[in-house]
Amino acid sequence: VCLTTSSATHTALCVIELYPKLTMSSSTLVGLHFEIYGKVQGVSFRNYTQSKAGALGIRGWVMNTKEGTVVGDLEGPSPKVDEMKNWLQSVGSPSSRIDRAQFTNERQIGYYSFEGFDVRRR
């Protein structure tokens, strides 16, 4: 972006745009935290979540909580993360019952912080 001054020398001030405008394109990486409520423990929910994430190219982790929920982090291209969010709140594992899905700290990220998608043990 260049701005020309009105001085006698007509010098121009040019600024390099280091950070392009934030848009959610298919290549935009996003990250978020999730918590799933319902019958989600003892029904292979974590393993199905890992499998679905792998199929979508999503990185992150999933873990049971002592409160009976499942929590985790997701990172990936915005459309794929949206697809994973939909799966977490409406599909899950075959024997699960999803009462509520909560997604927090959704943000654009510049790079991945996870190598793959892991099932963590508490």
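Which side chain meets that of aspartate 99 in a salt bridge?

Colleagues, the structure before you is a predicted model, in which local features need pLDDT of at least 70, side-chain atom pairs count only at pLDDT 80 or more, and totals for chains, interfaces and linings use all residues. Residues are numbered from 1 along each chain as its sequence is written, and side-chain values use heavy atoms, with hydrogens and water left out.

Let me begin with the overall architecture. The protein chain contains 2 helices and 7 strands; these are DSSP runs, with helices being H or I of at least four residues and strands being E of at least two, numbered from the N terminus. Read from the N terminus, the order is β-β-β-α-β-β-α-β-β. Of the 122 residues, 34% are buried. Here, buried means under 20% relative accessible area, exposed means over 50%, and partly exposed lies in between, with a 1.4 Å probe and protein chains only. Among contacts with a separation of 6 or more, 74% are between residues 24 or more positions apart, a contact being heavy atoms within 4.5 Å.

I turn now to the salt bridges. The term denotes a side-chain nitrogen of Lys or Arg within 4 Å of a carboxyl oxygen of Asp or Glu. By that rule there are 2 salt bridges. To answer my opening question, the partner of aspartate 99 is arginine 97, with 2.9 Å from N to O. Aspartate 99 is exposed at 52% relative accessible area, whereas arginine 97 is partly exposed at 45%.

The other pair joins glutamate 106 and lysine 85, whose closest N and O atoms are 2.9 Å apart. This pair links distant parts of the chain, since glutamate 106 belongs to strand β6 and lysine 85 to helix α2, 21 residues apart. Glutamate 106 is partly exposed, at 41%, while lysine 85 counts as buried, at 17%. In general, side chains of opposite charge can pair when their charged atoms come close.

Finally, consider serine 93, in the loop between α2 (78-90) and β6 (97-109). Is this residue buried or exposed? Serine 93 is buried, with a relative accessible area of 1%. A polar atom of the serine 93 side chain lies 2.8 Å from the backbone oxygen of valine 43. Leaving aside residues up to four places away in sequence, serine 93 touches Val43, Ser44, Phe45, Tyr48 and Trp87.

Note on methods: Polar contact = N/O pair within 3.5 Å; in protein donor to acceptor, adjacent residues only side chain to side chain.
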